[in-house]
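Let us take a walk through a protein model together. Have the sequence and the 3D view ready, and look up each residue as we come to it.

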Amino acid sequence: MNEEQRLSAGRIKPDKADKEEKDYSQYFQTVYTEPSLKKARKRGGEEVAYFDDFEIDERFQGMGKGRKFYIRTYGCQMNEHDTEVMGGIFSALGYEVTDTVEDANVILLNTCAIRENAENKVFGELGHLKSLKRRNPDVLIGVCGCMSQEESVVNKILKTYDQVDMIFGTHNIHRLPNIIHEAYMSKEMVIEVWSKEGDIIENLPKVRHGNIKAWVNIMYGCDKFCTYCIVPYTRGKERSRRPTDIIQEIRQLAAEGYKEVTLLGQNVNAYGKDFEDIAYRFGDLMDDLRKIDLPRIRFTTSHPRDFDDYLIEVLAKGGNLVEHIHLPVQSGSTSMLKIMGRIYSREAFLELVRKIKVAIPNVSLTTDIIVGFPNETEAQFLETMTLYEEVGFETAFTYIYSPRDGTPAAKMADNIPMDVKKERLQRLNDLVNEYSAAAMKQFEGEVVEVLVEGESKRNEEVLSGYTRRSKLVNFKAPKSVIGKLVHVKITEAKTWSLDGEFIGVVEKKEVLI
Ligand code: 5AD
Ligand code: SF4
């Protein structure tokens, strides 16, 4: 199937008038399948297509003249970055950005499907937008991102949220001009969701948020299929961008004066596994990026399974590769990890941590943890607590397990009562706070390097920024240091941030080789 054929197969335009009676499943046959582990696991059938010839079709030139767009983003940095790409496409169409929904001609909700409460927020927001649509029927409302990849969500929107004009998924944001055009022309809801394993589209325009820090995708999708996780279904198979495209993009960012880049992927350690013509993995990429004259390079997020020795060796070289690794563990119990499909044991995780700490003694490790997974016993939960202490994580994102339709875990009984889940989360969060405060305390009296991002959210007299180890620092200094690397002497540690005294701007370091 070529691009044009696939697109025409992908047009779904259910008639709003008779949506009560219709069975919409027929609309999804060619482009959409319900998340199905069996089908999704059959990866590798589809070729990854590369497109690097994105341009705005003549028909759409100037479509946004005199119009404004508003995008609300939910979820992870991958979504934040997709929003920057959509912002770039809107700009190329002539739209202006607005941060007030009432002023917008097009409103997009870029959604997250990772947990039920993330989805509920979106449905709540759609509810609020109903009255806006009533007052201003010309406004276009769209739902995109991970939730759009779920058939149950699309059906729910079709049934109950007729204020929505367009739905599109994660694989076709480059089709935004066509989708908006279609929505303007049509009285019907425009739905274009591709159930693809995934392509790679280069050269999409982007309007980045700020000019100090930038996100750069290095790969898309996930093949890990942790049993609780919806991501492999909503984001497609693992596919890596070519090293030359990534290196070129980061060199360009360095030339534009950006000071920090965060490499993005659901599982960055699997980078390069899908290349058939070159043996080039995440360690190789980091070793090449180390040579670029840009002060800080971070990455998120890692999977312990693919974290190899060569990568550790490269990260230990330091330079612009910062001493912070976010390493989601999810649970400290080997038996729990097994049913979560994490493919490592408690012991293997601890061994990896040991190797990392030997190679990078001042590393800051942070993690993600899920409590209340089906059948989790008190003893298994306590193993998570002791693992946390043994590793000495500096902080963590902690979650209550949320069943996701179509995942293997959703077929298990969600049998831990909510009060038990909440109580475990509380105990874990107390531990996380205690460790965070202790990690902060170490910095009292030390001089740290801070990348100054701007005025503190709480007090415009104060500037704030982050250290290489991702600690938030607040201090007073002239506004002219915003965007620069500075030295700050830490005077007081709080649980989540550090206060300090400005010392001076860091002189430009030598070019790294
Ligand atoms: N329920 C709760 N937390 C989840 N995560 C992923 N899926 C679920 C789920 N179904 C968490 C994991 C992951 C983070 C991004 O979200 O901890 O690392
Ligand atoms: Fe989800 Fe991360 Fe597991 Fe992939 S590795 S399935 S994104 S938790």
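**A guided walk through the model**

Leaving out residues up to four places away in sequence, Val 486 touches Val 448, Glu 449, Val 450, Val 452, Phe 475, Val 481, Phe 502, Gly 504, Val 505 and Val 506; touching, or contact, means heavy atoms within 4.5 Å. Val 486 belongs to strand E20, residues 485–493, where strands (E, at least two residues) and helices (H or I, at least four) are DSSP runs numbered from the N terminus. With 0% relative accessibility, Val 486 counts as buried. Buried means under 20% relative accessible area, exposed means over 50%, and partly exposed is in between, using a 1.4 Å probe and protein chains only. Val 486 and Leu 337 are 149 residues apart in sequence and 42 Å apart in space, C-alpha to C-alpha.

Before going on, a word on where these values come from. This is a predicted model, in which local features need pLDDT of at least 70 and side-chain atom pairs count only at pLDDT 80 or more, while totals for chains, interfaces and linings use all residues. Residues are numbered from 1 along each chain as its sequence is written, chains are lettered from A and ligands numbered from 1 in the order in which they are written, and side-chain values use heavy atoms, with hydrogens and water left out.

Now find Leu 498 in strand E21, which spans residues 497–505. Leu 498 is buried, at 0% relative accessibility. Not counting residues up to four places away in sequence, the contacts of Leu 498 include Met 440, Phe 443, Leu 472, Val 473 and Ile 490.

Another residue to look up is Leu 365, in strand E15. Is Leu 365 buried or exposed? It is buried, because its relative accessible area is 3%. Between Leu 365 and Ile 325 there are 5.2 Å, C-alpha to C-alpha, and 40 residues in sequence. Apart from residues up to four places away in sequence, Leu 365 touches Ile 325, Val 353, Ile 356, Lys 357, Val 391, Phe 393, Glu 394 and Thr 395.

In soluble globular proteins, nonpolar side chains tend to be buried together. A nonpolar core is a set of buried Ala, Val, Leu, Ile, Met, Phe, Trp, Tyr and Cys residues joined through side-chain atoms within 4.5 Å. The largest one here has 58 residues, and those with the most contacts inside it are Leu 263, Phe 282, Met 286, Phe 307, Ile 325 and Ile 356. Setting aside neighbours within four places in sequence, Phe 307 is in contact with residues including Phe 299, Ile 312, Leu 315, Ile 325 and Ile 356. A second, separate core has 32 residues, among them Val 122, Val 143, Tyr 161 and Phe 225.

Next come the ligands. Which residues surround ligand 1? They are Ile 114, Arg 115, Tyr 228, Gln 330, Asp 368, Ile 370, Tyr 399, Ile 400, Tyr 401, Ser 402 and Arg 404, where a residue counts if one of its heavy atoms lies within 4 Å. A polar side-chain atom of Arg 115 is 3.0 Å from an oxygen atom of ligand 1. On the backbone, a polar atom of Tyr 228 lies 3.0 Å from a nitrogen atom of ligand 1, and a polar atom of Ser 402 lies 2.8 Å from a nitrogen atom of the ligand. Of the 410 Å² of accessible area that ligand 1 has on its own, the protein covers 87%. Strand E15 (364–371) and strand E16 (395–400) are the elements that give two or more residues to this shell.

The shell around ligand 2 includes Cys 222, Cys 226, Cys 229, His 303 and Arg 342.

Finally, look at some backbone details. The peptide bond from Thr 300 to Thr 301 is cis, with omega near 5°, and Thr 301 sits in the loop between strand E13 (296–300) and helix H10 (309–315). Asn 203 is not a glycine, yet its phi is positive, near 60°. Asn 203 is exposed, with a relative accessible area of 52%. Asn 375 also has a positive phi, about 70°, without being a glycine. It is in the loop between E15 and helix H13 (378–391), and is partly exposed at 44% relative accessible area.

Conventions:
Polar contact = N/O pair within 3.5 Å; in protein donor to acceptor, adjacent residues only side chain to side chain. Areas by Shrake-Rupley, 256 points an atom, 1.4 Å probe, with all protein chains shown as cover.
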